[in-house]
Every structure is written in structure tokens, then in C-alpha cells.
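Below are some notes for a colleague who has not seen this structure before.

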Protein chains: 6
Amino acid sequence: MYTVTVRDHMMIAHSFKGEVFGPAQRLHGATYVVDAEFKRAALDSDSIVVDIGRATDALKRLLAEINFRNLDDVPAFTGRNTTTEFLAKHLFDGMVTAIQAGELGSGAAGVEALKVTLHESHVASASYEGRLLDAR
Amino acid sequence: MYTVTVRDHMMIAHSFKGEVFGPAQRLHGATYVVDAEFKRAALDSDSIVVDIGRATDALKRLLAEINFRNLDDVPAFTGRNTTTEFLAKHLFDGMVTAIQAGELGSGAAGVEALKVTLHESHVASASYEGRLLDAR
Amino acid sequence: MYTVTVRDHMMIAHSFKGEVFGPAQRLHGATYVVDAEFKRAALDSDSIVVDIGRATDALKRLLAEINFRNLDDVPAFTGRNTTTEFLAKHLFDGMVTAIQAGELGSGAAGVEALKVTLHESHVASASYEGRLLDAR
Amino acid sequence: MYTVTVRDHMMIAHSFKGEVFGPAQRLHGATYVVDAEFKRAALDSDSIVVDIGRATDALKRLLAEINFRNLDDVPAFTGRNTTTEFLAKHLFDGMVTAIQAGELGSGAAGVEALKVTLHESHVASASYEGRLLDAR
Amino acid sequence: MYTVTVRDHMMIAHSFKGEVFGPAQRLHGATYVVDAEFKRAALDSDSIVVDIGRATDALKRLLAEINFRNLDDVPAFTGRNTTTEFLAKHLFDGMVTAIQAGELGSGAAGVEALKVTLHESHVASASYEGRLLDAR
Amino acid sequence: MYTVTVRDHMMIAHSFKGEVFGPAQRLHGATYVVDAEFKRAALDSDSIVVDIGRATDALKRLLAEINFRNLDDVPAFTGRNTTTEFLAKHLFDGMVTAIQAGELGSGAAGVEALKVTLHESHVASASYEGRLLDAR
């Protein structure tokens with residue numbers, strides 16, 4: 001299995017509901033350094049998994065939708081705790097949609113699986129990984 | 001599949017038996033930067049894989065049992081080479097026990113798999129990964 | 001010159017005033033991975049720059065005062081942009097006060113200079129460095 | 001599943017053919033920080049996955065074959081784009097051959113799978129992972 | 001003293017002349033992860049060292065001039081070994097020029113010193129640091 | 001000022017005397033990832049600060065003297081706490097001696113200052129920096 005991974009980051013505010021979150025129930029924030037890892041069994045005719053330039057651009061566009069925002073005010077997240085693992089799935093879904101819309105080029109149609117990892121500090125991270133077929 | 005990873009470290013002394021270890025047969029030591037990665041297919045009702053605070057505390061307790069020690073003198077390890085990969089399995093077993101004892105909260109009962117990685121330097125690491133059901 | 005550096009992190013929300021900040025004028029947030037670097041010309045009688053355990057605890061206490069908060073609501077910061085470099089100075093001042101209050105032990109009286117660095121992402125950081133005598 | 005990972009690097013020049021590569025069609029270069037991750041279900045009698053010294057030496061030898069070279073002039077790569085993911089597979093094949101030739105010791109015969117990852121910058125990487133049985 | 005640091009990277013080919021360089025006399029290449037660190041004694045009225053967005057853009061423009069190139073063919077470098085430390089000085093000079101041309105905004109006129117660091121691998125880096133007044 | 005930095009590591013056991021060390025009074029150990037940073041105001045005729053290959057070899061030789069050892073048994077350290085900062089000075093002295101003995105080549109005679117940093121974990125490090133003239 002081949003993979004290619006690209007990295008970018010976003011800086012957001014949010015708060016959580018639930019005693020389990022302790023002080024994180026207060027409005028606070030995070031820098032998420034985000035890795036998008038694309039997987040496929042065989043390379044395309046250019047010897048690549050995905051166009052790394054387009055993948056980087058697609059990740060930047062996805063992050064721009066929520067970057068520099070208070071996620072408590074984003075309608076799509078109403079009633080949800082925007083935990084690191086929840087955001088990993090949100091970005092996974094967005095990247096799958098981008099691939100299927102052709103934003104990463106026709107070659108990206110061969111991508112079989114995707115993993116999105118968010119590093120929230122030097123001591124904690126979360127991810128979501130799924131197959132693209134499962135996501136359709 | 002969702003994951004959450006937490007990190008801590010320990011500093012131990014030990015020696016190895018066997019020619020394959022070369023100079024590491026002498027009493028020496030290591031800092032192990034330890035990652036515990038928890039995996040599950042669906043988030044719980046709080047939108048989390050596991051309570052990151054409790055996971056961090058559980059990892060710290062596990063490491064405290066052998067931190068700042070000469071592992072050659074730890075009865076549980078008698079007759080064993082406490083290699084990085086061996087210690088990864090040791091910590092895996094300890095964390096599985098902690099999860100099953102409820103130390104990470106009732107929500108952690110949904111954790112399906114665990115991976116423990118020990119970084120012994122900037123150029124070497126080792127890990128053990130297993131399913132929790134297999135470990136029971 | 002000897003140094004010892006300890007690391008911890010905090011997760012805060014804030015917004016900035018001024019066109020120069022672009023989208024960061026909106027309420028957003030950041031994880032700051034914080035390094036406190038203590039400097040002195042000679043080691044004390046224990047062969048240390050500072051008690052690393054006490055230094056770590058002092059850094060954690062300093063960060064706890066503003067961790068998991070919206071800095072726009074912290075009275076001490078009213079009317080100020082809590083930029084990364086501003087926060088570096090804020091934490092520098094706090095650590096100097098802690099040293100002078102004896103919180104890091106009597107040995108820390110020999111610390112001559114301090115540098116506080118905040119890493120806000122994998123591509124940006126800021127710091128403040130000063131002499132302790134200057135800060136008195 | 002146990003893993004052991006060792007790291008080294010190489011510095012090469014190359015160019016790519018195909019519009020998808022944009023400015024990378026020009027002769028340029030890269031540092032690849034390379035991780036070789038060895039996997040097996042059970043440790044050998046020394047409590048190791050593989051002799052870490054021999055694994056490190058084998059990786060260094062593999063990299064030396066193409067290190068400090070213009071890959072456009074390497075006969076084995078004629079007519080191929082030596083992308084990061086392509087090189088990951090090239091090094092995977094070389095390491096499998098080394099294992100099967102006994103270069104990592106007889107214990108390494110128990111290695112079941114291998115993953116080779118090339119970090120090309122702080123924001124991009126690629127890898128190839130396969131089972132050793134599949135590679136025979 | 002305050003600092004702000006921004007990071008980007010470039011991927012180049014080159015060769016060196018001189019026996020001291022061993023195999024690096026051959027045409028090879030490197031990824032340079034580049035940090036530009038801006039220093040000043042006092043913050044400006046926005047509480048910043050420099051506009052981090054403009055600094056990032058300026059660094060990207062500087063790198064673009066030589067990114068994805070064979071430095072042996074760049075006229076400005078004729079007859080010079082484009083070592084990591086030499087390139088650090090080259091980028092230092094370019095950034096000083098950009099600051100003095102107002103590309104980083106009028107606030108950047110207060111920047112007193114600059115350090116440019118190039119990381120060429122996980123085990124080696126080089127830098128050049130100087131005062132801006134000295135560079136005029 | 002130009003710098004070049006090279007990195008290697010060592011794995012040692014030791015114990016400390018003094019209540020300030022708490023559990024580190026017990027025999028334990030550490031991996032030290034060691035950076036040696038060479039500084040000079042002007043490059044030599046090859047456009048380098050120091051021969052990076054020779055610098056790397058010299059660092060490896062220095063570390064080999066105490067690598068895979070229990071520092072409590074090393075005669076040179078009798079009666080001393082081999083703290084991270086103490087070891088930074090020890091390695092600084094060794095590297096200065098190596099430079100002055102010509103082990104890094106005649107060009108290294110131009111090195112003016114040296115900084116040795118030991119990273120003992122992902123959250124702590126120590127260093128010693130001095131001028132070479134001062135060290136003579």
C-alpha cells in the first residue's frame with residue numbers, strides 16, 4: 001500500500017459540553033496541525049498517489065472554512081462537541097467530497113483510503129481513517 | 001476508525017543478555033517517550049474516543065511503576081531482555097488492564113484496539129499494537 | 001553559559017484588533033507549546049541550573065492561570081493584543097516573579113537570564129528573552 | 001503486532017516528467033529522511049523484532065547506493081519518475097532483498113511486513129508498506 | 001529581546017567543489033526547511049515584532065527565486081559552493097533587502113536583527129545571524 | 001555569525017546524590033540526543049563553518065567514550081552529579097579539545113564558539129555554550 005501525506009494547520013476557538021471535559025468546558029482554543037494521508041494499492045501513470053500540489057491546496061481550502069473561527073458559532077456543528085476526533089472525521093468527509101468532485105484531479109479517483117490526523121499539542125493527537133468506498 | 005493518542009515519558013536503566021546486543025549488554029539507560037493510541041470505530045455520546053485527561057493520568061501511573069528504576073532489578077522482568085519492543089507490550093498489557101478496571105471511565109469500554117509506541121531516540125522506536133478483545 | 005529548558009502547553013481563545021491581523025481579528029484560538037529556558041554562568045553545588053521538577057511545576061502553575069480561557073475576558077489583558085510575542089513576555093514576567101519569590105528553590109537565585117518561547121504551530125513561534133537583573 | 005523502526009537520510013537530485021509536476025519538472029533535489037519499520041507478530045528468543053544495529057546498517061547501505069546522486073542518471077530508474085512514493089517502494093524492495101539474503105541476521109526471517117516512509121519536508125511524506133510473503 | 005519565527009522550505013539540486021565535500025562533490029540535492037527569526041527589543045503599537053503574514057509571504061518569495069532549481073546553474077552563485085551556511089547568508093541578505101524595501105510593512109523597520117536557519121536533515125542544520133544595521 | 005549543527009545520541013545509566021533529585025536519586029537512565037553547534041563570524045575558503053563529516057565523526061567519538069555505560073562507574077565523574085547540564089559541559093570540553101587537536105581539520109581552527117545541547121526527553125533539555133578562546 002502506498003501513501004502520501006500533506007500537512008497544514010488551523011487555529012480555532014470552541015468550548016465543550018459535558019463534565020468529562022473539566023476546564024475545557026470553558027471557551028478556549030487550539031492550533032490543529034493537520035495531516036491528510038492518501039492511500040492506494042498502485043501508483044498512477046505519473047508514479048504518484050495523488051497530485052501533492054492539489055492535495056495541499058484542497059487541504060488548505062477545507063481548513064479555511066473553519067480557520068480563525070469560534071466553532072461554537074458554526075451552524076454545521078450546532079449541538080455537537082467539536083472534539084479533536086470529531087474534527088478529524090469532519091475533515092475526512094470534506095476531503096472525500098473534494099476527491100469525488102475531482103478537485104484533486106482525475107488521478108485521485110484511485111485513492112482507496114484516507115486518514116486525517118490532528119495534532120493538538122506536543123502530547124496529544126486524534127485521527128479518523130476510512131475507506132473511500134465506505135464513505136460514498 | 002477513530003484514534004486518540006497521548007504522550008508521556010520515562011527514564012530507566014537496564015542491560016541486555018545476548019551477543020546480538022553488542023555494547024548494550026553493559027548497564028546503560030534510555031529515555032522512552034511513550035505514545036498510547038486508543039482506537040474505536042465510533043465515538044461515544046460526548047464525541048470522544050476516550051477521556052483524554054484520564055488516559056493521560058493512566059499512562060503516567062503505568063510509567064511511574066518503572067520510571068527512574070534499573071529494570072534489571074524489577075522482579076516482573078527477571079530473566080527477560082527489557083527491549084523497547086518488550087516494554088511496548090508490557091505497557092500495552094498494563095493499559096488494557098487499566099481500561100478493563102474502569103480507570104479510564106465507563107466510556108473507555110468501547111475502545112477496540114490500542115497501540116503503544118516507545119521512541120528511544122531521534123532515530124529509533126518500537127511499538128506493540130493489539131485488539132482489546134484479543135488481550136482479554 | 002549553561003541552560004536548562006522545560007516544556008508544557010496551554011490552549012486559549014482570543015481575538016486581535018488591527019487590520020494587520022486579517023482573519024485573526026475574529027475570535028479564534030491557539031495551542032501554545034511553551035519552552036522556559038533558564039540560563040546561568042555556573043552550576044550550583046548540585047551541578048544543576050535549576051531544579052527541573054520545580055521549574056516544570058512553576059511553568060504549569062503559570063500556564064494554569066490562563067489555560068482553557070478566552071484571553072479577551074482576562075482583566076490583565078484588557079486593551080492589549082495577546083499576540084504570541086506579547087504572551088511570551090507575560091510568561092517571562094510571571095516566571096521571574098516566581099523565581100524571585102523562591103518558588104523554584106533558593107538555588108534558582110543564581111539564574112541570570114530567562115527565555116520563554118511559544119510555538120503556535122509547526123511553522124511559527126515567538127519568544128521573549130531578558131536578564132533577571134533587568135527585570136527587577 | 002510488534003514493530004521496530006530505524007531512521008537515516010539521503011540527499012539526491014532528480015527531475016520529473018509530466019505537467020502535473022509543475023516546477024518540479026526542472027532539475028531540483030530533496031533530502032529524504034527515511035524510516036524503515038519492521039513488523040512481526042511475535043518477538044524472537046532475544047525479545048527483539050530485528051537486530052536494530054543490523055537493520056540500521058542495512059538501511060545505510062541501501063541509501064548509499066543512491067545517496068548524493070542525480071537519480072536522472074541512475075540506470076535502474078530510466079524512464080521512471082522517481083517520486084517520493086516510487087522511492088519508498090524501491091527501498092522497500094531493497095530491504096526485503098536484504099532480509100531474505102540474511103543481511104539482518106537469521107532472526108529477521110520472522111519479519112512479516114515492512115513499511116518504508118520518506119519525509120521530504122516538514123509538510124510532506126510518502127510511504128510503501130507490504131507483507132514480505134507478498135514480496136517474494 | 002522579542003523574536004518571531006516563520007518557516008517554509010525549498011528543494012534544490014547542487015554540487016560542491018573541494019575534496020572536503022567527499023561524495024557531495026557529485027550533483028545531488030537537498031530539502032531545506034527554512035526558519036526566519038526576526039528580533040527587536042520592543043513590540044510595535046499592534047503588540048507584534050513583525051506582521052507574521054507578510055513575513056511568511058516574503059520568505060516564500062525569497063525561496064521561490066531558487067526553489068526547484070539546480071543552483072549550479074544560477075548566475076548569482078557562479079564560482080561559489082552553495083553550502084547550507086552560504087545559503088543561510090544568501091537568504092539573510094534577501095530578507096534584509098525585503099525589510100528595507102518595505103515588503104514586510106512599515107512596522108518591520110523596527111526589526112533589529114535576523115537569523116536564518118536551514119535544516120537540511122534530521123541531523124544537520126546551519127544558520128546566519130546578523131544585525132540589520134550591520135547589513136546596511 | 002554563522003553556525004553549523006550536527007546531531008547524534010547516547011544512552012547511559014546514572015544516579016544522582018541530593019534530595020533535590022527526588023526519584024532520580026535511584027539508578028535510572030537517559031537517552032541524550034546531542035546537538036553540537038559550531039559558530040564563526042566568517043566562512044572558510046570552501047564556504048563552510050566546519051567539515052560537517054568530520055564534525056559528525058568527532059561527535060560520535062566523543063559520545064562513544066561514555067555511550068552504553070553506567071556513568072556512576074566512570075572514574076572521570078567520581079563525586080559529581082552527571083546532570084544533563086554537567087554532561088553538556090563535559091562534551092563541550094571534549095569537542096574543544098578535538099578541535100584544538102586538529103581532528104576537525106585545519107579549517108576548524110576558525111571556529112570561535114561552540115554550543116552543546118542535550119535533549120533528554122520531549123519536554124526537557126540542557127546546554128553549555130562558550131567561546132573557544134575562553135576554553136583554552
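1. β4(A) and β1(B) pair in the antiparallel sense over five bridges; strands are counted as paired if DSSP finds at least two bridges between them. Within this pairing, A124(A) stands opposite V6(B) of β1(B). Strands (E, at least two residues) and helices (H or I, at least four residues) are DSSP runs numbered from the N terminus.

2. On the basis of the description: this is a predicted model, in which local features need pLDDT of at least 70 and side-chain atom pairs count only at pLDDT 80 or more, whereas totals for chains, interfaces and linings use all residues. Residues are numbered from 1 along each chain as its sequence is written, chains are lettered from A and ligands numbered from 1 in the order in which they are written, and side-chain values use heavy atoms, with hydrogens and water left out.

3. The pairing of β4(A) with β1(B) is part of a closed sheet. 12 strands form a barrel in the order β1(A)-β2(A)-β3(A)-β4(A)-β1(B)-β2(B)-β3(B)-β4(B)-β1(D)-β2(D)-β3(D)-β4(D), with antiparallel pairing. On average, neighbouring strands of this sheet are turned by 25 degrees against each other, direction ignored. Angles are taken between axes, which are lines fitted to C-alpha atoms (for helices over the stretch in contact), and run from 0 to 180 degrees between N-to-C directions.

4. Y2(A) stands opposite R40(A) in β2(A). Helix α2 (residues 84–100) of chain A packs on the sheet, where it touches β1, β2, β3 (113–121) and β4 (124–131) of chain A together with β1 (2–14) of chain B. The direction of this helix makes about 145 degrees with that of β3(A). Contact here means heavy atoms within 4.5 Å.

5. How many residues of chain B are in contact with chain A? There are 16, and they meet 19 residues of chain A. Between them the two chains bury about 1,300 Å², 47% of it on carbon and sulfur atoms. Buried area is the accessible area (1.4 Å probe) that two parts lose on being put together, summed over both. The side of chain B that touches chain A takes its largest share, six residues, from β1(B). By type, the residues of that side are nine nonpolar, three polar and four charged.

6. In chain C, 13 bridges join β1(C) to β2(C), which run antiparallel, and R7(C) stands opposite D35(C) in β2(C). D35(C) also forms a salt bridge with R7(C), the closest N and O atoms being 2.7 Å apart. D35(C) is in strand β2 and R7(C) in strand β1 of chain C, so the pair ties together parts that are 28 residues apart in sequence. A salt bridge is a side-chain nitrogen of Lys or Arg within 4 Å of a carboxyl oxygen of Asp or Glu. Over all chains, a search of the whole structure finds 30 salt bridges.

7. R26(C), F68(C) and H122(C) supply 29% of the area that chain C buries against chain A, more than any other three residues.

8. Two chain pairs do not touch. No contact joins chain B and chain C, whose closest C-alpha atoms lie 12 Å apart. Chain D and chain F are likewise without contact, with their nearest C-alpha atoms 12 Å apart.

Notes: Ala, Val, Leu, Ile, Met, Phe, Trp, Tyr, Cys and Pro count as nonpolar, Asp, Glu, Lys and Arg as charged, and the others, Gly among them, as polar.
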